[in-house]
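Visitor: I would like to learn how to read a structure like this one. Could you walk me through it, feature by feature?

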Amino acid sequence: MAELRGSFGVARNHLLTRWFGTEDLHRLEVYESKAGGYAALRKALLDMKPADLVNEVKTSGLRGRGGAGFATGVKWSFINRDAPGPKYVVVNADESEPGTSKDRYIMENSPHMLLEGIMIAAYAVGANQAWVYIRGEYDGPHRMLVEAIAEARAKGYLGPKPMGVNYPLDIQLYRGHGAYICGEETALLESLEGKRAQPRSRPPFPAVKGAWARPTLLNNVETLSTVPWIINNGGAAYVKFGTEKSPGTRLMSVSGNVRKPGVYEVELGQTFRHVIMELAGGPPEGRRMKVFWPGGSSAPVLPESMLDTHTDMEALAAARSMGGSGGVIVMDDSHCVVKAASRLLRFYAHESCGKCTPCRVGGDWAVRTYDRILANEGSQVELGILERVADGLQNGRCLCGLGDSAGWVIDSTFRHFREEYEDHALRHTCKVGSHA
Ligand SMILES: Cc1cc2nc3c(=O)[nH]c(=O)nc-3n(C[C@H](O)[C@H](O)[C@H](O)COP(=O)(O)O)c2cc1C
């Protein structure tokens, strides 16, 4: 993979990437001596009670960075830490969402920051064992984590008595099975258990019945990597960043037609104009921005005219989209939206696990309909089919969010680019005539 650029910790509001770029930050010794690493774990184990940790994360207002944006502290409080028997922490490092590479950026730059967050979370919810389910193709990050875990074991931070406290902790790695669906939390748990990755019906939710039917906290890499900062500085300090309902910062991986693709730490509430035009340098010379996906390929698209939309979750919901996985995909005016949507639908149809009918059948219908439209065989009938298929995929009709995502691609490109669809389906022309 290409070397990623990014925002190395220079700004006041770089909470996660503050120390990125420090030589050998991935080594435990450097993480501790230069970046104040493992101070939060020490504080958590020696000075705080598990309930205090949960409350601190609740106070921070941190929301999951994996896609759904669920309140992290609230999720932690769902685990009954006093229930008898084992509880687990499972870390979602599958990162297969097109356009998303921010978890990789964390694992490659500061693997110990993630490990520290996992250990604090495990202590908070009463778990002694954690797994990191890491995307199978992520060789580099996997290697970094293998080395970091070995260092943490050698230092005794993982083991029977971390920081001298009688609370055994261990973290193991599990390499993912190479399908997008493996990142969906319940499919991930199936895969971790050695089964085919297909989503489970909910309830019960993983907090009640997760890995091996035990109470399980499942969080994204970035979510957990934010925890050491919160424990060090306090939840009240975290809410000073971002907006009232979407506090803090998040990493955004900006890709596509921009001059400086890369991963940037952005304070929530900044505009997408700032992220795309300033941080990522805007479209190439002579091109105009046309459309962007604000939260990975699964988030409904927004047209260039909505560049001033703010990055917080409420503003995105008001714009009928979402922050999703933090992957910002930018397309300029040399590309045809209908072709891009068709390409994405092919992805979702291919990645459908087939367990639920709307997703299995709907994705396929959409692909065949797009094929007819792009072969200049479309008519009003095809446009009607796409609209009905999009409707059939959304609003909880599928077992998991994969179906919704496929539906949103159709729905949102229709909403903002109806004319391009009509050009293709009714007039059999493409004003862009591109290679999208
Ligand atoms: C098809 C699909 C793929 C997903 N892939 C990922 C992924 O790669 N990484 C991730 O953290 N969350 C992914 N999610 C979201 C997870 O199901 C889950 O909401 C998240 O890991 C919870 O962690 P958080 O609360 O820290 O965000 C995916 C969801 C769906 C529907």
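Predicted model: local features only at pLDDT ≥ 70, side-chain atom pairs only at ≥ 80, totals over all residues.

Visitor: How many helices and strands does the protein chain have?

Guide: Helices (H or I, at least four residues) and strands (E, at least two) are DSSP runs, numbered from the N terminus. Here the protein chain has 16 helices and 10 strands.

Visitor: What does the radius of gyration say about the protein chain?

Guide: The radius of gyration is taken over C-alpha atoms, and the globule rule is 2.2 Å times the number of residues to the power 0.38. For 436 residues that rule puts a compact globule near 22 Å, and the protein chain agrees because its value is 22 Å. The C-alpha trace spans about 75 × 45 × 35 Å along its principal axes.

Visitor: What share of the residues counts as buried?

Guide: A residue is buried if 20 or more other C-beta atoms lie within 10 Å of its own, exposed if 12 or fewer, and partly exposed in between, with C-beta atoms placed from the backbone. In this protein chain, 53% of the 436 residues count as buried.

Visitor: Which domains does the assignment give?

Guide: Domain bounds come from an automatic or database domain assignment. For this chain the assignment lists domain 1 (5–238), domain 2 (249–332) and domain 3 (337–425). Between domain 1 and domain 2, the C-alpha centres are 26 Å apart. Their contact involves 21 residues from domain 1 and 23 residues from domain 2, where two residues are in contact if their C-beta atoms, placed from the backbone, lie within 7 Å. On the domain 1 side, β1 (5–6) and α5 (102–109) each supply at least two residues. That side divides into 4 nonpolar, 11 polar and 6 charged residues. In this scheme Ala, Val, Leu, Ile, Met, Phe, Trp, Tyr, Cys and Pro count as nonpolar, Asp, Glu, Lys and Arg as charged, and the others, Gly among them, as polar.

Visitor: Which residues come nearest to the ligand?

Guide: A residue is near a molecule or strand if its C-beta atom, placed from the backbone, lies within 6 Å of it. Around the ligand there are 24 residues, of which G64, G66, G183, N220 and G401 come nearest. The elements giving two or more residues to this shell are β5 (216–220) and α16 (401–425), and β5 gives the most, with 3 residues. By type, the shell holds 7 nonpolar, 10 polar and 7 charged residues.

Visitor: Why does the ligand lie between domain 1 and domain 3?

Guide: The ligand lies between them because domain 1 and domain 3 both give residues to its shell.

Visitor: Is β5 enclosed or open, and what lies beside it?

Guide: β5 is largely enclosed by the rest of the structure, because 5 of its 5 residues are buried. T216, L218 and N220 point one way from β5, while L217 and N219 point the other way. Strands pair if DSSP finds at least two bridges between them. Strand β2 (residues 88–93) runs parallel to β5, joined to it by 5 bridges, and V89 has L217 as its bridge partner.

Visitor: Which strands are joined to β6?

Guide: In strand β6 (residues 249–256), 7 of the 8 residues are buried. Strand β7 (residues 262–267) runs antiparallel to β6, with 6 bridges, and a hairpin of 5 residues joins the two. Strand β10 (residues 327–332) runs parallel to β6, with 4 bridges; there, S253 has G327 as its bridge partner.

Visitor: Where are N128 and V389 found?

Guide: N128 is in the loop between α6 (111–125) and β3 (129–134), and V389 is in helix α15 (residues 380–393). N128 counts as partly exposed because it has 15 C-beta neighbours inside 10 Å. V389 counts as buried because it has 25 C-beta neighbours inside 10 Å. Leaving aside neighbours within four places in sequence, V389 is in contact with G362, W365, A366 and I410.

Definitions and conventions
Residues numbered from 1 in each chain as written.
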